[in-house]
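Reader: I would like a close look at one part of this protein, namely the aromatic residues and the packing around them. Please take it step by step and keep the wording plain.

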Amino acid sequence: MRERKLWRRSVVGAVTAAMRSMTMTDDEATFRDHAAELTRYAAAIAGPTDADDVVADAFASAFASPRWASIEDRRAYLYQAVLNQVRDRHRSNSRRQRREVASRDTTNTAELGIRPEVLAVMNALTTRQRAVLFCLFWLDLDVAETAHRLDLSTRTVQRESQTGRRHMKALLR
(Lines give C-alpha, C1' and ligand atoms only; values in the text may rest on other atoms or scores of the structure.)
Protein backbone atom coordinates (compact mmCIF):
# COMPACT_ATOMS: atom_id res chain seq x y z
CA MET A 1 0.00 0.00 0.00
CA ARG A 2 2.80 2.42 0.92
CA GLU A 3 4.58 1.72 -2.36
CA ARG A 4 1.40 2.43 -4.26
CA LYS A 5 1.04 5.86 -2.51
CA LEU A 6 4.65 6.70 -3.27
CA TRP A 7 4.18 5.68 -6.89
CA ARG A 8 0.98 7.76 -7.10
CA ARG A 9 2.76 10.80 -5.62
CA SER A 10 5.60 10.48 -8.09
CA VAL A 11 3.21 10.17 -11.04
CA VAL A 12 1.13 13.13 -9.83
CA GLY A 13 4.33 15.11 -9.28
CA ALA A 14 5.60 14.29 -12.77
CA VAL A 15 2.28 15.20 -14.39
CA THR A 16 2.11 18.46 -12.41
CA ALA A 17 5.67 19.36 -13.42
CA ALA A 18 4.90 18.56 -17.05
CA MET A 19 1.78 20.71 -16.94
CA ARG A 20 3.72 23.59 -15.40
CA SER A 21 6.39 23.37 -18.08
CA MET A 22 3.73 23.31 -20.82
CA THR A 23 2.03 26.35 -19.30
CA MET A 24 5.36 28.15 -19.00
CA THR A 25 6.20 27.34 -22.60
CA ASP A 26 2.74 28.43 -23.70
CA ASP A 27 3.07 31.71 -21.78
CA GLU A 28 6.51 32.30 -23.23
CA ALA A 29 5.15 31.72 -26.72
CA THR A 30 2.27 34.09 -26.06
CA PHE A 31 4.71 36.75 -24.87
CA ARG A 32 7.03 36.21 -27.82
CA ASP A 33 4.14 36.34 -30.30
CA HIS A 34 2.43 39.48 -28.98
CA ALA A 35 4.91 41.60 -27.01
CA ALA A 36 6.17 43.70 -29.91
CA GLU A 37 2.75 44.62 -31.29
CA LEU A 38 1.38 45.30 -27.79
CA THR A 39 4.37 47.57 -27.09
CA ARG A 40 3.63 49.59 -30.24
CA TYR A 41 -0.03 49.78 -29.21
CA ALA A 42 0.90 50.88 -25.68
CA ALA A 43 3.34 53.48 -27.03
CA ALA A 44 0.58 55.06 -29.08
CA ILE A 45 -1.95 55.32 -26.29
CA ALA A 46 0.32 55.76 -23.25
CA GLY A 47 3.45 57.26 -24.74
CA PRO A 48 6.78 55.67 -25.57
CA THR A 49 8.29 56.08 -22.09
CA ASP A 50 5.60 54.01 -20.39
CA ALA A 51 5.00 51.43 -23.12
CA ASP A 52 7.39 48.73 -21.93
CA ASP A 53 6.21 48.97 -18.33
CA VAL A 54 2.56 48.96 -19.36
CA VAL A 55 3.03 45.82 -21.47
CA ALA A 56 5.03 44.06 -18.76
CA ASP A 57 2.35 44.84 -16.18
CA ALA A 58 -0.38 43.70 -18.57
CA PHE A 59 1.35 40.36 -19.20
CA ALA A 60 2.01 39.89 -15.47
CA SER A 61 -1.62 40.53 -14.57
CA ALA A 62 -2.88 38.32 -17.40
CA PHE A 63 -0.58 35.42 -16.53
CA ALA A 64 -1.54 35.71 -12.84
CA SER A 65 -5.26 35.76 -13.59
CA PRO A 66 -7.14 32.61 -12.62
CA ARG A 67 -9.08 32.96 -15.90
CA TRP A 68 -5.92 32.92 -18.07
CA ALA A 69 -6.02 29.19 -18.81
CA SER A 70 -9.60 29.41 -20.09
CA ILE A 71 -9.15 32.49 -22.30
CA GLU A 72 -9.78 31.57 -25.92
CA ASP A 73 -8.61 34.76 -27.64
CA ARG A 74 -5.52 35.67 -25.67
CA ARG A 75 -4.49 38.40 -28.07
CA ALA A 76 -7.73 40.34 -27.55
CA TYR A 77 -7.48 39.73 -23.81
CA LEU A 78 -3.95 41.17 -23.78
CA TYR A 79 -5.02 44.23 -25.79
CA GLN A 80 -7.70 44.85 -23.17
CA ALA A 81 -5.17 44.29 -20.36
CA VAL A 82 -2.85 46.87 -21.91
CA LEU A 83 -5.73 49.32 -22.22
CA ASN A 84 -6.65 48.75 -18.57
CA GLN A 85 -3.05 49.31 -17.48
CA VAL A 86 -2.94 52.56 -19.46
CA ARG A 87 -6.16 53.70 -17.79
CA ASP A 88 -4.75 52.88 -14.36
CA ARG A 89 -1.55 54.80 -15.08
CA HIS A 90 -3.52 57.70 -16.52
CA ARG A 91 -5.64 57.94 -13.38
CA SER A 92 -2.54 57.76 -11.20
CA ASN A 93 -0.71 60.37 -13.26
CA SER A 94 -3.74 62.66 -13.26
CA ARG A 95 -3.93 62.54 -9.48
CA ARG A 96 -0.20 63.25 -9.20
CA GLN A 97 -0.38 66.11 -11.70
CA ARG A 98 -3.22 67.74 -9.81
CA ARG A 99 -1.08 67.68 -6.69
CA GLU A 100 1.83 69.23 -8.57
CA VAL A 101 -0.09 71.95 -10.43
CA ALA A 102 0.54 74.57 -7.76
CA SER A 103 4.30 74.18 -7.97
CA ARG A 104 4.66 73.82 -11.73
CA ASP A 105 6.47 76.48 -13.73
CA THR A 106 4.58 77.19 -16.97
CA THR A 107 7.70 78.22 -18.91
CA ASN A 108 9.03 74.64 -18.97
CA THR A 109 6.83 73.46 -21.84
CA ALA A 110 7.75 76.49 -23.97
CA GLU A 111 11.47 75.84 -23.42
CA LEU A 112 11.06 72.23 -24.56
CA GLY A 113 9.31 73.28 -27.77
CA ILE A 114 6.10 71.44 -26.91
CA ARG A 115 3.08 73.19 -28.30
CA PRO A 116 0.57 73.64 -25.47
CA GLU A 117 -2.41 73.30 -27.83
CA VAL A 118 -1.22 69.85 -28.97
CA LEU A 119 -0.78 68.74 -25.36
CA ALA A 120 -4.24 70.04 -24.54
CA VAL A 121 -5.81 68.13 -27.44
CA MET A 122 -4.10 64.86 -26.54
CA ASN A 123 -5.00 65.22 -22.87
CA ALA A 124 -8.59 66.03 -23.80
CA LEU A 125 -9.08 62.66 -25.55
CA THR A 126 -10.07 59.67 -23.48
CA THR A 127 -7.80 56.64 -23.36
CA ARG A 128 -10.36 54.66 -25.33
CA GLN A 129 -10.49 57.34 -28.04
CA ARG A 130 -6.69 57.31 -28.33
CA ALA A 131 -6.73 53.50 -28.53
CA VAL A 132 -9.41 53.44 -31.22
CA LEU A 133 -7.75 56.16 -33.30
CA PHE A 134 -4.40 54.39 -33.03
CA CYS A 135 -5.83 51.11 -34.32
CA LEU A 136 -7.78 52.77 -37.10
CA PHE A 137 -5.17 55.19 -38.38
CA TRP A 138 -1.75 53.97 -37.23
CA LEU A 139 -2.30 50.24 -37.63
CA ASP A 140 -4.68 50.84 -40.54
CA LEU A 141 -7.23 48.36 -39.20
CA ASP A 142 -10.86 48.38 -40.19
CA VAL A 143 -13.63 48.95 -37.67
CA ALA A 144 -14.37 45.25 -37.19
CA GLU A 145 -10.74 44.30 -36.49
CA THR A 146 -10.33 47.28 -34.15
CA ALA A 147 -13.46 46.23 -32.28
CA HIS A 148 -12.15 42.67 -32.02
CA ARG A 149 -8.70 43.71 -30.76
CA LEU A 150 -10.07 46.13 -28.18
CA ASP A 151 -12.98 43.88 -27.19
CA LEU A 152 -15.51 46.56 -28.09
CA SER A 153 -18.59 46.57 -30.28
CA THR A 154 -18.23 47.94 -33.79
CA ARG A 155 -20.68 50.70 -32.91
CA THR A 156 -18.52 51.73 -29.94
CA VAL A 157 -15.46 51.90 -32.20
CA GLN A 158 -17.37 54.06 -34.71
CA ARG A 159 -18.68 56.34 -31.96
CA GLU A 160 -15.29 56.74 -30.23
CA SER A 161 -13.60 57.43 -33.57
CA GLN A 162 -16.14 60.07 -34.56
CA THR A 163 -16.11 61.70 -31.14
CA GLY A 164 -12.31 61.72 -30.91
CA ARG A 165 -11.84 63.17 -34.41
CA ARG A 166 -14.55 65.76 -33.85
CA HIS A 167 -13.00 66.74 -30.54
CA MET A 168 -9.49 67.03 -32.02
CA LYS A 169 -10.76 69.07 -34.97
CA ALA A 170 -12.63 71.50 -32.73
CA LEU A 171 -9.71 71.99 -30.37
CA LEU A 172 -7.12 72.47 -33.09
CA ARG A 173 -9.08 75.19 -34.90
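Author: What follows starts with the overall layout, moves to the aromatic pairs and the nonpolar core, and ends with the helix contacts. The model is a predicted one.

The secondary structure consists of eight helices and zero strands. Read from the N terminus, the order of elements is α-α-α-α-α-α-α-α. The protein has 173 residues, and 30% of them are buried. If contacts are limited to residues at least 6 apart in sequence, 65% of them join residues at least 24 apart.

Now the aromatic residues. A pair of aromatic rings is described by the distance of the centres and the angle of the planes. With ring centres within 6.5 Å as the criterion, the count is seven aromatic pairs. One of these pairs is Phe31 with Phe59: the ring centres are 4.8 Å apart and the planes stand at 65°, so the pair is edge-to-face. Phe31 belongs to helix α1 (residues 2-46) and Phe59 to helix α2 (residues 51-64), and the pair links distant parts of the chain, 28 residues apart. Phe59, at 3% relative accessibility, counts as buried.

A second pair to consider is Tyr41 with Tyr79. Here the ring centres are 4.7 Å apart and the planes are at 50°, so the pair is tilted. Tyr41 lies in helix α1 and Tyr79 in helix α3 (residues 74-100), so the pair ties together parts of the chain 38 residues apart in sequence. Tyr41 is buried, with a relative accessible area of 0%. Tyr79 is buried as well, with a relative accessible area of 1%.

Tyr41 leads on to the nonpolar core. The largest nonpolar core has 29 residues, and those that touch the most other members are Leu38, Tyr41, Ile45, Val82 and Leu150. Helices α1, α2, α3, α6 (127-138) and α7 are the elements that give two or more residues to this core. Which residues does Tyr41 contact, leaving aside its neighbours within four places in sequence? They are Tyr79, Val82, Leu83, Ala131, Phe134, Cys135 and Leu150.

Val86 is another residue of helix α3. At 3% relative accessibility, Val86 counts as buried. Not counting residues up to four places away in sequence, Val86 touches Ile45, Ala46, Val54 and Thr127. Val54 and Val86 are 32 residues apart in sequence, while their C-alpha atoms are 6.6 Å apart in space.

The next residue, Gln129, is placed in helix α6. Gln129 has 7% relative accessibility and counts as buried. Apart from neighbours within four places in sequence, Gln129 is in contact with Glu160, Thr163 and Gly164.

Two packed helices are described by the angle between their axes and the distance between the axes. The axes of α6 and α8 cross at roughly 100° and come within 9 Å. That makes α6 and α8 roughly perpendicular. On the α6 side, the contact is made by Arg128, Gln129, Val132, Leu133, Leu136 and Phe137. On the α8 side, Thr156, Val157, Glu160, Ser161, Thr163, Gly164, Arg165 and Met168 take part. By class, this contact of α6 with α8 has six nonpolar, five polar and three charged residues.

Helix α8 (residues 154-172) also packs with helix α7 (residues 143-150), at an angle of about 105° and with the axes 8 Å apart. The two helices, α7 and α8, are therefore roughly perpendicular to each other. The α7 residues in the contact are Val143, Ala144, Thr146 and Ala147, and the α8 residues are Thr154, Val157 and Gln158. The contact of α7 with α8 divides into four nonpolar, three polar and no charged residues.

Key
Residues numbered from 1 in each chain as written. Predicted model: local features only at pLDDT ≥ 70, side-chain atom pairs only at ≥ 80, totals over all residues. Heavy atoms only, no water. Axes fitted to C-alpha atoms, helices over the stretch in contact; angles between N-to-C directions. Helix = DSSP H or I, 4+ residues; strand = E, 2+ residues; numbered from the N terminus. Parallel < 35°, antiparallel > 145°, perpendicular 65-115°, else oblique. Contact = heavy atoms within 4.5 Å. Nonpolar A, V, L, I, M, F, W, Y, C, P; charged D, E, K, R; others polar. Phe/Tyr/Trp six-rings, centres within 6.5 Å; stacked < 30°, edge-to-face > 60°. Buried < 20%, exposed > 50% of the residue type's maximum accessible area, 1.4 Å probe, protein only. Core = buried A, V, L, I, M, F, W, Y, C linked by side-chain atoms within 4.5 Å.
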